[in-house]
Amino acid sequence: MASTLEKFIHSLDPKALPRVLQIQSGIYCQGSIYEMFGNECCLSTGEVIKVIGFKINKLIASICENNEISRISAKVELPLNFPGLYKVVADKTPYVSIEEITRKVSIGPTRFGHPCFYSSEDIKLANLTIKHGEQITFNSVEEVDGTMAVNCGVVRNNQSHSFTLPLSQEGKFYECEEDQIYTLKEIAEWKIPKCRNRIVKLSNTLQMWDTSNPLPENFDGCLILTPVYEVQAVMKFRKDIVHILSDLDVEVKDITDCYDISSFLQPLSLEDVFERTSKEFPMVAEIMEGPSGGQKPYNLLYAGKEIIIYKKYQATRVLASEIRSDSPKRHFLIPISYKGKFKRRPREFPTAYDLDIARSEKEQLHVVATKAFDSPHKELFSVSVGDQFLVQQCQTSEVLCEGRKKVMDVLACEQILSDTYKKVLLPMYMEGGFVEVIHDKKQYQLSEICKEFHLPFNVKVSVRDLSVEEDVLAAVPGLHLEEEITDSYLLISSTSSPMESWEIPVYRLNMLVHLLSKDIQMIVPPMSKTTVEEISEEQYYMVRRYETQTLHPPPRPPKNPTLAPNPSFAVPKQDVSHVLQAPQNFDVDTTKKLCSNQAAIFSELQVSCQNDLVHHENKKDMTGKATSVETSVIKDLTNNGLGNCEAEKGEEEHNYDYVDENTIENLRQIFQGTTVRNKHASSEGRSLQRLKVLVKLAFASKSFKHHFQLNTV
């Protein structure tokens, strides 16, 4: 039975791919135009194509008048990167079975892939009864005792109960209302069910309105989103991948069951190639769709080129970021075999806790204080700007707190005086500021740094890699080496010049190939050229996310005991509010909606975060004098008191901090608005306490501050 391409793709289950389609009613353009904007626009009646994949390319948004779904004023086209944050409106149409939910709704391992539903009737299980209206979280789909089922969970009295529901379970299941906010891209990937539209409500715009904005000015209503898919297909007599938009006016018929699908070329992604057994290598392949980008060797991998794939393997890289105070930074993956040499650069430490993490057995950590700290306990040391310390070890000490003795963690240090050393104790919760003093002028290979020091580590290239034509790291003023990662690679070469080979990453290169039945003359792979790979901001965070999933999180820094603010360190109230105000490109009306509890949070955070706020904003407010004094003190110490020591102050402010995406997610959920407050009033106090700790831990980070501004308005 024939149907429009749009209707067919909207109902197609990705697990049913590939599918063979025959064009029943074609479309033609005048002249000889067969492709527009990279997409096919001409398909002949009777032509046969094999669909190998599809993804949402853009969204058609129907603008609802006065939030009434039945009254649509206009339709506009929105790209997936259109700015703004949106709340999903729960679908009022029920699902009639668990099988329908799994077929139409995205369920996956990420936080977006856990949809919530409720049943209109009680569900009686062997050892649990799910009450009608109770929120059920769908976590994953897997086979249980030979039957496909969904792993679900409910929360009762702050305790989670897990159970499974078979796909055959019938009933009326409704989407639960949720308070989470999403970008348009997140909604497109996770929140639009198959065969259904999605209604969303604009929560916040991320840019000032202008004439190029397709939405009306000051729009705060509802949008009905309809996806337009980009279909990837293979045609019978072509060796490349064609891209077809699902709204192309053609009718198709599914003839998969009566067609020899092997007669088409079989496109393979690099992931597909990597999943092949080691015995199948080496192999010859022809590129059907090459990667984008002009960086070598990617510019040599174009459609139609034949390559030899010698082997698959895991390789170690060092993830590094450019040290700079402004954004965006450049990010690199550096092979251990990099032949350039590095010299050390000073690190910055926002707390005493960071000093304890950074100390090593190899050498004693020498730092200079860049921020003053007044100790509330006479047993602990008060720090002044310019004080120098040698970090010793972490230990415990008794202090007098509100008339009672209390044991707390402290950092033992030696203060460097003009002609002697003085043993002092610094509280681990101390929110100060320190910069490292470098005595070591040795030049290191990357492999030596990874072996002798703990990452993260700050360096700069002193001798460039002469084995490559252009060393991209040589022009970078400073590098922050963050961590070692293990990644998957393929070793390839061109059939025309097999003596020159390259490593290509499996999961960061979008490339399709098809295998050729050709004999390979050279079995032993040639020496590969390992290059420094520059990665995008999005790829950087993906690498960090997947890498840190396998690591145990570090222990939390100790909390700062509740103390009255010291008048000598107070910041004028108007200055703090100026720092904490929303970015100017946000809607003023939205800013005014901050609830009273959020205002209370800010006032309580002023004392604990004031030094950090002044440190970040001192260039534009009245604290500029203090900064210049601190800088001059450090320079004076560096020039006169340290002799041959190297004390370079890094250009990046707290550059080695990394804010985990879960931290951002927690903050975003807490600052959602009044709906979250009303529904979760009983847990609000705990949320506020967690927020204070999260802000204190992460406020020194520039990247955190950026996310904090974006997600709290």
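# Close-up views of a predicted model

**View 1. The whole protein chain in outline.** The secondary structure of the protein chain comes to 15 helices and 37 strands, where helices (H or I, at least four residues) and strands (E, at least two) are DSSP runs numbered from the N terminus. This is a predicted model, in which local features need pLDDT of at least 70 and side-chain atom pairs count only at pLDDT 80 or more, whereas totals for chains, interfaces and linings use all residues. Residues are numbered from 1 along each chain as its sequence is written, and side-chain values use heavy atoms, with hydrogens and water left out. Of the 713 residues of the protein chain, 45% count as buried; buried means under 20% relative accessible area, exposed means over 50%, and partly exposed lies in between (1.4 Å probe, protein chains only). Among the contacts with a separation of 6 or more, 71% are between residues 24 or more positions apart, a contact being heavy atoms within 4.5 Å.

View 2. Strand 7 (residues 85-88) runs antiparallel to strand 17 (residues 198-204), and four bridges join them; two strands are taken to pair if DSSP finds at least two bridges between them. Within this pairing, Leu85 has Asn204 of strand 17 as its bridge partner. Strand 7 is also joined by two bridges to strand 16 (residues 181-182), again in an antiparallel arrangement, and here the bridge partner of Lys87 is Ile181.

View 3. Six strands form an open sheet in the order 8-15-9-12-13-14, with antiparallel pairing. Strand 8 (95-97) and strand 14 (159-166) stand at the edges with a single partner strand each, so one side of each is left without a neighbour in the sheet. From one strand to the next the twist averages 45°, with axes taken as lines fitted to C-alpha atoms (for helices over the stretch in contact) and angles running from 0 to 180 degrees between N-to-C directions. Strand 13 (residues 147-156) is joined to strand 14 by eight antiparallel bridges, and Val150 stands opposite Leu165 in strand 14.

**View 4. The largest nonpolar core and the surroundings of Leu223.** A nonpolar core is a set of buried Ala, Val, Leu, Ile, Met, Phe, Trp, Tyr and Cys residues joined through side-chain atoms within 4.5 Å. The largest such core has 40 residues, of which Ile9, Tyr86, Ile187, Leu223, Leu225 and Ile244 touch the most other members. Strand 5 (residues 48-64) supplies the largest share of this core, seven residues. At least three core residues come from each of domain 1 (3-58 + 229-263) and domain 2 (80-219), the bounds being those of an automatic or database domain assignment. Leaving aside residues up to four places away in sequence, Leu223 touches Ala61, Ser62, Ile63, Leu78, Tyr86, Arg198, Ile199, Val200 and Leu215. A second, separate core of 27 residues includes Phe349, Tyr353, Val391 and Val424.

View 5. Lys92 lies in the loop between strand 7 and strand 8, and Glu177 in the loop between strand 15 (170-175) and strand 16, so the pair ties together parts that are 85 residues apart in sequence. Lys92 is exposed, at 63% relative accessible area, whereas Glu177 is partly exposed, at 44%.

View 6. The closest N and O atoms of Glu436 and Arg347 are 2.9 Å apart in a salt bridge. Because Glu436 lies in strand 31 (residues 434-436) and Arg347 in the loop between strand 25 (341-344) and strand 26 (348-349), the pair ties together parts that are 89 residues apart in sequence. Glu436 counts as buried at 3% relative accessibility, and Arg347 likewise counts as buried at 10%. Salt bridges link Arg344, Arg347, Glu363, Glu436 and Asp440 in a network.

View 7. Three bridges join strand 27 (residues 366-369) to strand 31 in antiparallel fashion, and Val368 stands opposite Val435 in strand 31.

Terms used:
Salt bridge = Lys/Arg side-chain N within 4 Å of Asp/Glu carboxyl O.
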